[in-house]
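Notebook open, structure loaded. I'm jotting down what I look up as I go.

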Amino acid sequence: MGRRIHFVVDPQGWCCMGLIIFVWLYNTIFIPKVILFPHYEEGHISVVAILCYYFCSLFCIASLLRASVADPGKLPENPKIPITEREYWELCNKCNMMRPKRSHHCSRCGHCVRRMDHHCPWINNCVGEDNHWLFLQLCFYTQILSSYTLILDFFHYYYFLPLKKENWDVFVFRHELALLRISAFMGLIILGGISGLFYTQLMGIFTDTTSIEKMSNCCEDISRPRKPWQQTFSEVFGTHWKILWFIPFRQRQPLRVPYHFANHV
């Protein structure tokens, strides 16, 4: 599960994802060139600061690309339903296919997705059972990268020693103030938006409830047994090893074996 490539033909999604990639490229190119490398050359910061920035940037773009092309949990055309679990499946009234309970039909993708949370235009893909962990990593590393960028923007003007400006004729140094103001503006917008989204995602995992279920009020607290938070997070990330929850360069192995355990009480 989660190894198939899922490509959604949606021009609006392409524009949203292109905007995100543009912001990532902008900060990945200009922040090191304007702040990190010049201050490193003059001995104001260590190489660790540069490596940490590129590390966060790499994990951010990796989780974005993987979340956008990973199969979110698309159901096959003729699913094999175990006899013992048939009562936990239902018929979709849009595509007339059998699906496990807690699945949802995505109108943009045109098919049902297992444990679908929502369709996200910023990754041009659904967020479902098989790529929810990548979406959480994207939110996490986007917050880290945005916060790191804002801190560097602030320190550049109010903490670090002034640069000698030996390359003042270079374009980026001529327009240094404008470039960093744009970076700070984009960082504030993205950090504010992604922080609220990340909080709602975490609360959904703690309560074992998807965003669609919250909006439809179909899952009441009295009808669902409470699980330990370690179990719900392990089911989403596909491993009990907490260190692996932060690594996007791996394959997820589902731990939610019986559908009815999470779908029905």
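Which residue takes a positive phi just after H5? I looked, and Asp208 does, with phi about 55°.

**Ground rules.** I'm working with a predicted model, where local features need pLDDT of at least 70, side-chain atom pairs count only at pLDDT 80 or more, and totals for chains, interfaces and linings use all residues. Residues are numbered from 1 along each chain as its sequence is written, and side-chain values use heavy atoms, with hydrogens and water left out.

**Overview.** I found 8 helices and 6 strands in the protein. These are DSSP runs numbered from the N terminus: helices are H or I with at least four residues, strands are E with at least two. Along the sequence the pattern reads α-α-β-β-β-β-β-β-α-α-α-α-α-α. The protein has 265 residues, and 48% of them count as buried. My note on that word: buried means under 20% relative accessible area, exposed means over 50%, and partly exposed is in between (1.4 Å probe, protein chains only). I also checked the contacts, meaning heavy atoms within 4.5 Å. Among contacts with a separation of 6 or more, 66% are between residues 24 or more positions apart.

**Two positive phi values.** Back to Asp208: this residue sits in the loop between H5 and helix H6 (211–216). Its relative accessibility is 4%, so Asp208 counts as buried. I noted Asn96 too, with phi near 55°, a positive value in a residue other than glycine. Asn96 is in the loop between strand S1 (89–91) and strand S2 (98–100). Is Asn96 buried or exposed? Its relative accessibility is 59%, so I wrote down exposed.

**H1 against H2.** I reminded myself that two packed helices are described by the angle between their axes and the distance between the axes. Axes are lines fitted to C-alpha atoms, for helices over the stretch in contact, and angles run from 0 to 180 degrees between N-to-C directions. For H1 and H2, the axes come within 10 Å and cross at roughly 170°. That is why I can call H1 and H2 roughly antiparallel. The cut-offs: under 35 degrees is roughly parallel, over 145 roughly antiparallel, 65 to 115 roughly perpendicular, and the rest oblique. The residues of this contact divide into 18 nonpolar, 4 polar and no charged. Here Ala, Val, Leu, Ile, Met, Phe, Trp, Tyr, Cys and Pro count as nonpolar, Asp, Glu, Lys and Arg as charged, and the others, Gly among them, as polar. On the H1 side I see Trp24 and Asn27, among others, and the H2 side includes Tyr53 and Ile61.

Ile61 is buried, with a relative accessible area of 12%. Ile61 and Trp24 are 37 residues apart in sequence, yet 7.6 Å apart in space, C-alpha to C-alpha.

**H1 against H5.** Helix H1 (residues 11–41) and helix H5 (residues 176–206) pack at about 135°, with axes 10 Å apart. That makes H1 oblique to H5. The contact includes Asn27, Phe30 and Ile31 of H1, and Ser183 and Met186 of H5. Its residues divide into 12 nonpolar, 2 polar and 1 charged.

How well does the length of H5 fit expectation? At 1.5 Å a residue, its 31 residues should span 45 Å, and the end C-alpha atoms are 44 Å apart, which agrees. (The expected span is 1.5 Å times one less than the number of residues.) Buried residues of H5 include Ser183, Met186 and Gly187.

What does Asn27 touch? Leaving out residues up to four places away in sequence, I listed Pro32, Tyr53, Thr149, Ser183 and Met186. Asn27 is in helix H1 and is buried, at 8% relative accessible area.

I followed Thr149 next, which lies in helix H3. Thr149 is buried, at 2%. With the neighbours up to four places away left out, Thr149 touches Asn27, Ile31, Tyr53 and Ser183.
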